[in-house]
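Please have the structure in view while reading.

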Amino acid sequence: MAMANTSPFISNLKHQPYIIAQTQYMRKRKKNFSLNALSSSTQPLPLNLDYLKREFTGPGVVFERIPAGHGCSVRLIMDNGSIANVTMPGGMITSYQPQMWHGANMEVLQTMVSRPDDEITKLQGGISVNFQCSSDDTDVWALCGWVLRGVKGKPDKSIQIELFSSSPLDGSEARYAVTLCPNLISTELSITNNSSSPLHITGCILNHLKTSTPDATYLCGMQRASYYTCGPVMSELGIVPPATSKTGTAWVQKGLDGLFGEGKDEARGEEREEGSESVHLTDETYRFYQNAPRQFTVLDRGRRNSIMIGKNGFDKLYVMSPGSNHDWYGRYAYVCVGPAVTQPVTLNPGDVWNGSQYLYNPNM
């Protein structure tokens, strides 16, 4: 169901030339529009790093160029020492380092950096927004190419950066806000249908949480939630071990159903009810929880760390564990948890969909 937009976009006239230039660039690409080109993280918008530094740098906000890549990162720094990095134009949160109970920072997210044959840096993991919209005439808009719209806040309380993306198809737009506080980081997503026909949306937010090993990791608070097994969610920004990566299909090529694997309805397992308060993630696991609570906790006994996750506006919860057959503290020592919209939500002209999540650090 579409909900009223309770978070208006930040409007600042002095930044309009930058925003207009980015929007015009997207419109020029419309004639040569293709799903692969639009959704690929290696097809960036032209960024003027000097302009971003001049107009948006302030207390707790630093811009840095991504080495051997097209784009930059925005570093958010709180007075208490908590840090987060967000990439542009990809919109991936590549790092979240909150202050811990022992007085030092700890990296919460698992991110992989690689350079394919074209020598352009490729980032996977972290926290990524994986959404796409489809119109009745089968045109698909994959949310990407995020443009900075505003920065606000103070490092002693909270810092928020606001990004937006315009559809090259019909003028619809999405707002994506990342807010860093002393003890949490939140992401808010709003999609507005500015077209004259219905817009159908589906997608998820993927949180790759670093662990010592899945054998020491538990998902707490899921008792009595119903779930069914599935295949891996396939996203260019997600991490999936090679042994399982062949079972899915790149979502950018498959329309609305592609994000959640080809033939997801036929492949889903029998629906079950979670009988335990704590779900041990030691085995390779791919699940969708249908009535997961709004708040739950991921506990890693190996790192003596826990993260509480809250969500709003999503109908399901995706849980993925690569299992304990990988190296401890290695590239696949993580679990992926993310709120999802698997059944398309239809937005009529003028409607707005809102969804949000937060990662809360209870270890201070």
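Glutamate 55 and arginine 54 form a salt bridge, with their closest N and O atoms 3.8 Å apart. The model is a predicted one. Glutamate 55 is partly exposed, at 25% relative accessibility. Arginine 54 is exposed, at 57%.

Side chains of opposite charge can pair when their charged atoms come close. How many salt bridges does the count come to? The count comes to three. They are tabulated here.

| Pair | Closest N to O distance |
|---|---|
| Glutamate 55 and arginine 54 | 3.8 Å |
| Arginine 175 and glutamate 162 | 2.2 Å |

Take the pair of arginine 175 and glutamate 162, with N and O atoms 2.2 Å apart. Arginine 175 sits in strand E11 (residues 173-180) and glutamate 162 in strand E10 (residues 158-166), so the bridge ties together parts that are 13 residues apart in sequence. Are these two residues buried or exposed? Arginine 175 is buried, with a relative accessible area of 4%. Glutamate 162 is buried too, at 0%.

Glutamate 274 counts as buried, at 10% relative accessibility. Arginine 287 is also buried, at 16%.

### Helix H3

Helix H3 spans residues 49-56, and its buried residues are Leu49, Tyr51, Leu52 and Phe56. Why do they line one face of the helix? Seen down the axis of H3, the buried residues fall within an arc of 155°, so they share one face. An α-helix has 3.6 residues a turn, so residues three or four places apart point the same way.

The face of H3 turned away from the buried side carries the exposed residues Asp50 and Arg54. Arg54 is also the arginine that forms a salt bridge with glutamate 55.

### A cavity and a pocket

The model has six cavities of 30 Å³ or more. The second largest cavity has a volume of about 60 Å³. Which elements give two or more residues to its lining? They are strand E13 (199-210), strand E19 (295-300) and strand E20 (305-312). Among the lining residues are Val108, Leu209, Lys210, Val298, Leu299, Asp300 and Ile307. By class, the lining of this cavity holds five nonpolar, four polar and two charged residues.

The second largest pocket has a volume of about 200 Å³. Strand E1 (61-65), strand E3 (83-88) and strand E4 (93-97) each give two or more residues to its lining. The lining of this pocket includes Glu64, Arg65, Asn85, Thr87, Thr94 and Ser95. Ile66, Pro67, Ser73, Thr111 and Leu123 are also among its lining residues. By class, the pocket lining has three nonpolar, six polar and two charged residues.

How values were computed. Residues numbered from 1 in each chain as written. Predicted model: local features only at pLDDT ≥ 70, side-chain atom pairs only at ≥ 80, totals over all residues. Heavy atoms only, no water. 1 Å grid on protein atoms, 1.4 Å probe; cavity = no way out; pocket = protein on both sides within 12 Å on 5 of 7 lines; lining within 4 Å. Points joined across faces, edges and corners; volume = space filled by probe spheres on them. Helix = DSSP H or I, 4+ residues; strand = E, 2+ residues; numbered from the N terminus. Nonpolar A, V, L, I, M, F, W, Y, C, P; charged D, E, K, R; others polar. Salt bridge = Lys/Arg side-chain N within 4 Å of Asp/Glu carboxyl O. Buried < 20%, exposed > 50% of the residue type's maximum accessible area, 1.4 Å probe, protein only. Arc of directions from axis to C-beta.
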